[in-house]
There are 2 protein chains.
Amino acid sequence: MARPVTDTRERIIAAASKLFYSDGIRGVSVDAVAARAGLTKRTLYYHFRSKDDLVAAYLAARDQPNLALFQRWFAETEGGLPDKVEGIFRNLARSARHPKWKGCGFLRTSAELANMPGHPAIKIGAAHKKKFENWLRVTFEAAGIGEGSRLARQILLLLDGSFAVVLLHRDPSYMETAGEAARSLTELALADAVSPLETPPSATAAPDGRGRGPARWRSPRGRSRRG
Amino acid sequence: MARPVTDTRERIIAAASKLFYSDGIRGVSVDAVAARAGLTKRTLYYHFRSKDDLVAAYLAARDQPNLALFQRWFAETEGGLPDKVEGIFRNLARSARHPKWKGCGFLRTSAELANMPGHPAIKIGAAHKKKFENWLRVTFEAAGIGEGSRLARQILLLLDGSFAVVLLHRDPSYMETAGEAARSLTELALADAVSPLETPPSATAAPDGRGRGPARWRSPRGRSRRG
DNA sequence: CCATGTATACCGTCCAGTGAATATACTCAA
DNA sequence: TTGAGTATATTCACTGGACGGTATACATGG
């Protein structure tokens with residue numbers, strides 16, 4: 001056989017993506033992923049050193065498509081900046097009504113692996129969210145919002161909050177509420193940008209408060225189920 | 001022996017609470033909980049029918065204390081409504097700096113068990129968040145905010161968003177950002193309440209002087225690890 | 001002596017990861 | 001052109017252990 005490496009590898013990632021997103025990391029066995037990909041576990045272990053590696057690959061594969069989707073939703077919404085921001089939430093609410101929707105894979109993985117702070121998958125999730133936040137910031141600053149960094153974080157908080165809340169209540173209307181709040185905050189920031197005078201200097205003290213944390217986690221070799 | 005039922009039962013719940021919160025549901029075995037409680041697994045199964053029951057009891061035990069804590073933080077913060085709302089987030093940021101902090105147990109459990117929509121623990125988590133949202137709504141309405149329901153949902157979204165984001169980045173400063181956003185939205189709602197009719201933009205009526213702009217799941221018996 | 005509660009030992013299953021062998025494509029010398 | 005050798009890719013069968021849950025027996029207070 002010897003199908004080109006990438007084919008098999010990507011089939012595995014595709015299978016892992018569906019299963020991990022649907023049933024969680026610890027709820028899916030490596031055998032299950034292999035079976036869904038139509039091959040043996042041993043083959044899977046030829047392409048990935050460990051389950052943790054596979055989990056990281058699963059999230060890495062979702063990074064850019066996810067980001068691009070949000071950017072498309074933003075770009076395709078007609079109107080001013082507040083409309084476009086709210087458009088993200090509207091589209092998200094629509095997709096959250098799909099029966100297979102189960103929240104944000106990055107956040108759910110980070111919640112499940114919260115006791116492994118240095119896990120590669122968590123790093124990838126954190127980088128993904130940072131990318132999103134950064135894209136928002138740049139977009140807002142380009143629109144003349146001085147405190148674009150703060151607004152970006154606020155929007156991010158509302159977005160991830162709606163992921164969590166809608167997952168818990170299975171009620172996508174919370175995303176519309178989040179969208180309204182995001183719109184309000186955007187309008188507020190725009191108003192402040194127009195009249196920049198009365199703004200107290202409080203603002204963004206530490207631009208990027210890097211969280212401390214010893215990030216202890218034993219690397220590839222070894223069990224992943226229990227720390 | 002025959003220690004009164006409640007003693008043993010509560011020791012088990014206390015042990016489960018620490019372990020489940022720290023390492024997640026699927027990451028903690030029933031044996032581990034029993035060991036931590038200083039007894040045998042068989043004894044644990046005398047007090048709880050299944051692991052799922054135990055998980056539900058773990059969250060149920062956290063319901064009221066958690067709620068009371070938020071209410072205390074709100075009550076103990078000096079100032080007006082926006083200050084008190086922001087106070088919740090400030091206190092939360094402080095507690096999130098504790099090394100053992102790992103986000104919100106309710107949200108993390110719902111994320112981990114997202115593929116079991118009817119799981120009793122998820123129902124308890126949903127009820128808990130509803131209680132919190134309801135308390136906010138009542139509080140806001142008592143303060144004369146007509147759209148107290150909407151504001152309550154917005155604050156809830158920011159709160160749960162900060163749980164998720166801070167857990168991912170291990171950077172509690174996001175909670176301060178969420179607190180600022182919550183303050184802004186509260187001031188906005190207050191301004192709307194003060195001038196309920198047509199006072200579109202301008203209107204610096206807010207105390208701060210801030211301007212305004214525009215499932216299915218099989219019950220107890222049986223395995224819980226895989227659906 | 002019965003109800004309550006606790007312990008020992010066990011069952012069947014699942015799971016992450018591995019050893020050894022096999023099949024296929026590609027390389028290069030005769 | 002061919003045939004041996006090698007790197008790539010895949011499979012079968014297995015290990016050692018953990019896990020949820022249970023059968024059975026033992027203790028102790030009413």
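**Conventions.** In this predicted model, local features need pLDDT of at least 70, side-chain atom pairs count only at pLDDT 80 or more, and totals for chains, interfaces and linings use all residues. Residues are numbered from 1 along each chain as its sequence is written, chains are lettered from A and ligands numbered from 1 in the order in which they are written, and side-chain values use heavy atoms, with hydrogens and water left out.

**View 1. The interface of chain A and chain B.** Chain A gives 52 residues to the contact, and chain B gives 52 residues. Contact means heavy atoms within 4.5 Å. Two salt bridges cross this interface. A salt bridge is a side-chain nitrogen of Lys or Arg within 4 Å of a carboxyl oxygen of Asp or Glu. The side chains of A:Arg150 and B:Glu180 form a salt bridge (3.2 Å, N to O).

**View 2. Helix 8 of chain A against helix 8 of chain B.** The helices pack at an angle of about 95 degrees, with their axes 7 Å apart. They are therefore roughly perpendicular to each other, a label for angles of 65 to 115 degrees (under 35 is roughly parallel, over 145 roughly antiparallel, the rest oblique). Axes are lines fitted to C-alpha atoms, for helices over the stretch in contact, and angles run from 0 to 180 degrees between N-to-C directions. Residues making the contact include A:Leu157 and A:Gly161 of chain A, and B:Leu157 and B:Gly161 of chain B. Helices are DSSP runs (H or I, at least four residues), numbered from the N terminus.

**View 3. A buried pair in chain A.** A:Lys129 forms a salt bridge with A:Asp160, with the closest N and O atoms 2.9 Å apart. A:Lys129 lies in helix 7 (residues 120–142) and A:Asp160 in helix 8 (residues 148–169), so the pair ties together parts that are 31 residues apart in sequence. Both A:Lys129 and A:Asp160 are buried. Buried means under 20% relative accessible area, exposed over 50%, partly exposed in between (1.4 Å probe, protein chains only).

**View 4. Helix 6 of chain A.** This helix spans residues 105–112. Eight of its eight residues are buried, so it is largely enclosed by the rest of the structure. Among the buried residues are A:Phe106, A:Arg108 and A:Glu112.

View 5. B:Arg183 pairs with B:Asp83 in a salt bridge, the closest N and O atoms being 2.4 Å apart. B:Arg183 is in helix 9 and B:Asp83 in helix 5 (residues 81–96), 100 residues apart. B:Arg183 is buried at 18% relative accessible area, whereas B:Asp83 is partly exposed at 29%. B:Arg97 forms a salt bridge with B:Glu176, at 3.4 Å between the closest N and O atoms. B:Arg97 is partly exposed, at 40%. B:Glu176 is partly exposed too, at 27%.

**View 6. B:Thr186 and its surroundings.** B:Thr186 is found in helix 9 (residues 173–194) of chain B. Its relative accessibility is 0%, so B:Thr186 counts as buried. Beyond its neighbours within four places in sequence, B:Thr186 contacts B:Leu81, B:Pro82, B:Val85, B:Leu151 and B:Ile155.

Notes. Helices (H or I, at least four residues) and strands (E, at least two) are DSSP runs, numbered from the N terminus.
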